[in-house]
There are 2 protein chains.
Amino acid sequence: MQIMNYMPVADVLHGKTAVGVEVTVRGWVRSRRDSKAGISFIAVYDGSCFEPIQVVVPRELNNYKEEVLRLTTGCSVEVTGKVVGSLGQGQASELQVTCIKVVGWVVDTDTYPMAKTRHSIEYLREVAHLRPRTNVIGAVARVRNCMYQAIHRFFYEHGYIWVSAPLITASDTEGVGEMFRVSTLDFENLPLTSKGTVDYNEDFFGKETFLTVSGQLNAEAYACALSKVYTFGPTFRAENSNTSRHLAEFWMVEPELAFADLNDIAKLAEHMLKYVFNSVLQQRCDDLEFFSQRIDKDIIRRLQKFIESDFAQIDYTDAIKILKNSGREFKFPVNWGIDLSSEHERYLAEEYFKAPVVVKNFPKDIKAFYMRMNDDCKTVAGMDVLAPSIGEIIGGSQREERLESLDARMRERGIEAEHINWYRDLRRYGTVPHAGFGLGFDRLVTYVTGMGNIRDVIPFPRSPRSANF
Amino acid sequence: MQIMNYMPVADVLHGKTAVGVEVTVRGWVRSRRDSKAGISFIAVYDGSCFEPIQVVVPRELNNYKEEVLRLTTGCSVEVTGKVVGSLGQGQASELQVTCIKVVGWVVDTDTYPMAKTRHSIEYLREVAHLRPRTNVIGAVARVRNCMYQAIHRFFYEHGYIWVSAPLITASDTEGVGEMFRVSTLDFENLPLTSKGTVDYNEDFFGKETFLTVSGQLNAEAYACALSKVYTFGPTFRAENSNTSRHLAEFWMVEPELAFADLNDIAKLAEHMLKYVFNSVLQQRCDDLEFFSQRIDKDIIRRLQKFIESDFAQIDYTDAIKILKNSGREFKFPVNWGIDLSSEHERYLAEEYFKAPVVVKNFPKDIKAFYMRMNDDCKTVAGMDVLAPSIGEIIGGSQREERLESLDARMRERGIEAEHINWYRDLRRYGTVPHAGFGLGFDRLVTYVTGMGNIRDVIPFPRSPRSANF
């Protein structure tokens, strides 16, 4: 009796089976080509690596005419055959088929949205449930997974504890942007208070609740107990930004480190990014090769250069001087006090430093209330990490650990202490200098893959007027 | 010049520094004891392992009287000293202090909610921002992290691709429970259609949207392209269940496997659970030791027994017979067609099989529309994994891959095909048998730690009328 030996295509192609052994692979037909001699060459893809495997089907098989010759792109098959060295170029192994079973047909080949010819990336967004079957979105999925696993591995190996920050929150103090409301109230019949306003006491949580914009404040509580933590989960912005860089729902990594200052987390950011890029270069060179051929030919060299570069560091105030002296005509005029815009960031990273650069110590008025006040009383200990060809990829800060300074900043911003007393407690009881940053994971995937639109690096993107699937 | 050599407490205690070397540790004071001879013994905790390190402070230090003798629980300190073998019982190493710096005082020791004496677990929930400073919640955080990392590692090593399922969804077809609405409409001024109903076209996504109850349907789309995937993210239930087993927001792992049937995922579930429990036993024996002393003395033996057990497998129909013949008086009467309740599940796992048990092939009417119809046309290929002392921990199924059967089930349930055409497409184009399961991560943490209430194993629990911090 034959023993079925199911193998991922990746294992067969990468030589984990000896030549001559019979194996079974399962996947979807990418293409079929029939020779005049009565042999069919079928490319079978199973997602385990970029390449499909070529399986060679002789016409002697029972179902050759009735089934094999009817196979089209997208049909699912189970193929058993002997591993042989490939005569085709580029591939190490192929299968000499002894049995091919059609598992699922494409019921109507004319309507199948994933025909063999290449589709526009915009069209693929319309069929997000089928687009992982394409070369490009399959490669994105594998690279995204590789980066995700690398980030967890990095933090785990360095003694950080993953903390799940809550997504539903009653706190809207960070003020980084518009929030989505979460509610179980009946919209057609809202309960009202005696004053005629909506009675949130009747809502599920007994008060107004929203989707979080950041897990940072929660992570701080854990860092002030366990020293090294990070969150990694979805965060939300209800901003009406229909751009190629924004999502309403995106994944964010936020490490938080006790007994640490701005320099510590600048180092952490550099260390982490290089670790992640190294992992992708080592583990997903097949997919990167594809991206460099089809999407952005510079992609591999860019990652290698990033890894080899020492990050530049510069104060905001000096960055403003550089921009002013650049001789450049910027769309947004440069003055001390402005928030750097993308053109400024890219000038610094791409043209001036030609390397990733950490800009530090921003004017207090353009940064969040929790950033630590510097001795000059004008700037706070925030940082942005700018990378060539994408701009800001990380934003972080040393947190204000002194209660009086924090309270003063909160008063400036009109944040009432009572709403955030728990956060103040962290400063009242055994306060420590601490710092952390936030990294938009999806944006980092666009950087690594060269994909131009962030909606193409997350499986089912959410953006204004778009929440399909 | 002295080189600062910061070390996690875990590294010092576990012998990663040679005796005689000078190191610096940083953390929070757990306790202070002063000997008559003018020596203070301070336990310093930094979260890197269960034990604090004992640091021995001689009165000769400059700040001994002014600072050391004023140290209380919760103060943050930076301590430099020589590693010496400990004379105290149980600990391998302690520090002979040469310098101790107080980083942050407890500003008002009388109001500090985390005084040294033990607190009730209910009280700790009120101070969720400080409770990670306690033995029990610190241990939960480390075990939770260990389990989380083990799950990712397991799937990565087995070739699964992590897929981020969307949290905001317009689909409410699964019907597993009440959902939270997500909206940016102004509640005080809702836009209305010409018919006088709420105009969701004006909402952020241009239609009604909710928080997801499961990433399964999305994961299926990716499994039907990449073969082996999993999601791991927050999911939501707006049920008014104020129990020790329910959260409104919880984390769920959902692997989905193409070319797989019910037996394949039953094996996957067994394999995965044992891998996770093994990781905890190997990596967090310090924390498990604590749980077995304070929370549930049976905990370690239970995990070991779980790992050694072969899972029992039984059909629902046979399980009903066993329950009927048990001679037990159950609160909920047993008849073919009922959903098993906790008392039934625990009888099967704890008393009848005395092992984890997979119950399979449930009556179709009590299970979701997407489960595969069996040949008897009465049952579907669903499974529940029941564990001794907790009951159901995993629910899964083989998915209906035949379009006609799926459509028939949808008609039975009143689900309109047009709402879920994308899901039907997966059956129209190269359909494959596929299967997956869902594991409530937080509930699994209660199982491993022995913690009685699920609100104590997630940092900031969300439940009816409770969304603090």
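**Reading the model, starting from a helix**

Reply: Begin with helix H6 (residues 285–294) of chain B, where B:Asp287, B:Leu288, B:Phe290, B:Phe291 and B:Ser292 are buried. Keep in mind throughout that this is a predicted model.

Me: How should I read the spacing of buried positions along a helix?

Reply: An α-helix has 3.6 residues a turn, so residues three or four places apart point the same way. In H6(B), B:Asp287, B:Phe290 and B:Phe291 are among the buried residues.

Me: What covers the buried residues of H6(B)?

Reply: The cover includes H3, helix H5 (262–283), helix H7 (299–308) and helix H12 (441–449), which belong to chain B.

Me: How many residues of H12(B) are buried?

Reply: The count is 8 of 9, so H12(B) is mostly covered. Its buried residues are B:Phe441, B:Asp442, B:Leu444, B:Val445, B:Thr446, B:Tyr447, B:Val448 and B:Thr449. Look also at the residue just after H12(B): B:Gly450 takes a positive phi of about 80°.

Me: Next, charged pairs. What is the general idea, and how many salt bridges are there over all chains?

Reply: Side chains of opposite charge can pair when their charged atoms come close. A search of the whole structure gives 50 salt bridges over all chains. One of them joins A:Arg302 to A:Asp296, with the closest N and O atoms 3.1 Å apart. In chain B, the side chains of B:Arg302 and B:Asp296 meet in a salt bridge, at 3.1 Å from N to O.

Me: Are these arginines buried or exposed?

Reply: A:Arg302 counts as buried because its relative accessibility is 14%, and the cut-off for buried is under 20%. B:Arg302 is buried, as is B:Asp296.

Me: How do I read the interface of chain B and chain A?

Reply: Take the area, then the contacts, then the make-up. Chain B and chain A bury about 9100 Å² between them, with 63% of it on carbon and sulfur atoms. The contact takes 112 residues from chain B and 112 residues from chain A. Across this interface there are 0 salt bridges, whereas 50 residue pairs are in polar contact (both at pLDDT 80 or more). Helix H3 (residues 135–157) of chain B gives the largest share of the side of chain B that touches chain A, 11 residues. By class, that side has 64 nonpolar, 30 polar and 18 charged residues.

Me: Which side chain makes a polar contact with the side chain of A:His129?

Reply: It is the side chain of B:Asp425, at 2.8 Å. A:His129 is in the loop between helix H2 (121–126) and helix H3 (135–157) of chain A. At 4% relative accessibility, A:His129 counts as buried. Leaving out residues up to four places away in sequence, A:His129 touches A:Phe460, A:Phe469, B:Ala221, B:Trp422, B:Asp425 and B:Leu426.

Me: How is chain A divided into domains?

Reply: Domain 1 covers 9–104, and domain 2 covers 135–167 + 224–456. The C-alpha centres of these two domains of chain A lie 45 Å apart. Domain 1 and domain 2 of chain A bury about 530 Å² between them, 45% of it on carbon and sulfur atoms. On the domain 1 side, A:Arg30, A:Tyr45 and A:Phe50 lose the most area to domain 2, together 78% of what that side buries. Between the two domains of chain A there are 0 salt bridges and 4 residue pairs in polar contact (both at pLDDT 80 or more).

Terms used: Residues numbered from 1 in each chain as written. Chains lettered and ligands numbered in written order. Predicted model: local features only at pLDDT ≥ 70, side-chain atom pairs only at ≥ 80, totals over all residues. Heavy atoms only, no water. Domains from an automatic or database assignment. Buried area = accessible area lost by both parts, 1.4 Å probe. Salt bridge = Lys/Arg side-chain N within 4 Å of Asp/Glu carboxyl O. Polar contact = N/O pair within 3.5 Å; in protein donor to acceptor, adjacent residues only side chain to side chain. Helix = DSSP H or I, 4+ residues; strand = E, 2+ residues; numbered from the N terminus. Buried < 20%, exposed > 50% of the residue type's maximum accessible area, 1.4 Å probe, protein only. Contact = heavy atoms within 4.5 Å. Nonpolar A, V, L, I, M, F, W, Y, C, P; charged D, E, K, R; others polar.
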